[in-house]
Amino acid sequence: MKAIVWNGPEEMSVEEMEEPRVAPGTVIVRPEAAGICGSEIEGYLGRMGNRTPPLVMGHEFAGTVTEIGEGVNEDLLGRVVAVNPLSSDGTCPLCRAGNTNLCPNRALIGIHSPGGFAGYTLAPVENVYPLPEGVEARTGALAEPLANGVHAARLGLAGHTVERAVVIGAGTIGLMCLQAAVLEGIPNVSVSVIEPHDARREQALELGAGAAYASGEEAREALEGPTEGLGAGLVFDAVGAEVTRQMALDLMRPGGRTVFVGLHDDDTTLGFHGVVRGQFDLQGSYAYTGEDYERALEWLVAGKAGIGELPPVLPLEEGPGAFAELVRGPSARIKVFLAEMGE
Ligand SMILES: [Zn+2]
């Protein structure tokens, strides 16, 4: 089979590889849509310590079950499934408390085992979710990024009353945080987005943002009137750059909360007197639980969330070029899907 292999910083090629072998309790999936994640762009540059070359990436994918291992229900054969790439041990104190996303023994398909940018991918049977008839693989492949948004919105709203929310960044994760925040109960007129890219701002408005601003200053100014000069109760930083982290602090009202989802920069300098005096709640959000993933898939299947018109699935051969292009910065294209078959 073919697979896209990441061989080190900015080194990626399509190579011939041996197909994965099915094991008891697992299935082989032929990915029909595998999305490129923003974290994989950082990974491609060699900026993510958790990825070791050579590696087949791809953790946002859906496709057809072509083989089943011992103990797996035969009805799964031939079904189109979405794959939750995240596994945890289920037995540690964090898993027992429901925080499976924080499990020290967690493993992600596409990081710890070969991912979806390949002809075939191995997945544990408990991680695959058959899609209803007529729902296509690209929709299923969005469950993983949306699950990140579901998790972030859940953490943002837990025990916190929110009048105004702001999402920084309208790439995939930002758009998912936006939709999850609205679907979790914040009226959409109260959720605004900050995004310098025109087409992405447009898309945020189409997907339910009440307003979209090109800069943090514009957004801060717009918050003045409706919040009596105080600022937003909830901010999502879907970028994770030093400037957006600082922007989040500038946008918050006293007692506000920011959910940090983006992983662009590691080290960041922030003025902490403001954090203390503003009694800010700085909340990290990492990945998602099985419940978050299921919620995301449910919304996608019901057509309540998405990324608008789905882009075509490109053949794996175009993968290395797509990564190289995405490194150059955000484009109007929110999501790039790849698969061996293309479309
Ligand atoms: Zn665990």
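In which helix is Val182 found? Val182 sits in helix H5, residues 172-183. Helices here are DSSP runs of H or I with at least four residues, strands are E runs of at least two, and both are numbered from the N terminus.

Before going on, a word on the ground rules. Residues are numbered from 1 along each chain as its sequence is written. This is a predicted model, where local features need pLDDT of at least 70, side-chain atom pairs count only at pLDDT 80 or more, and totals for chains, interfaces and linings use all residues.

Back to Val182: it counts as buried because it has 22 C-beta neighbours inside 10 Å. (Buried takes 20 or more other C-beta atoms within 10 Å, exposed 12 or fewer, and partly exposed is in between, with C-beta atoms placed from the backbone.) Leaving out neighbours within four places in sequence, Val182 is in contact with Asn188, Val191 and Gly208. Contact means that the C-beta atoms, placed from the backbone, lie within 7 Å. Thr269 is another story: Val182 and Thr269 are 87 residues apart in sequence and 31 Å apart in space, C-alpha to C-alpha.

Now zoom out to the whole protein. There are 11 helices and 17 strands, and 48% of the 343 residues count as buried. The C-alpha trace spans about 60 × 40 × 35 Å along its principal axes. Among contacts between residues at least 6 apart in sequence, 73% join residues at least 24 apart.

|---|---|---|

Next, a pair of helices. The axes of H4 (residues 143-157) and H10 (residues 290-301) come within 8 Å and cross at roughly 115°. Those axes are lines fitted to C-alpha atoms over the stretch in contact, with angles from 0 to 180 degrees between N-to-C directions. On the H4 side, the residues that meet H10 include Ala143, Leu146 and Arg154, while the H10 side includes Asp292, Tyr293 and Trp299.

Last stop: helix H8, residues 242-251. Its buried residues are Thr244, Arg245, Met247, Ala248, Leu249 and Leu251. Among the elements that cover them are helix H7 (216-224), strand E14 (252-260) and helix H9 (272-277).

Terms used:
Two residues are in contact if their C-beta atoms, placed from the backbone, lie within 7 Å.
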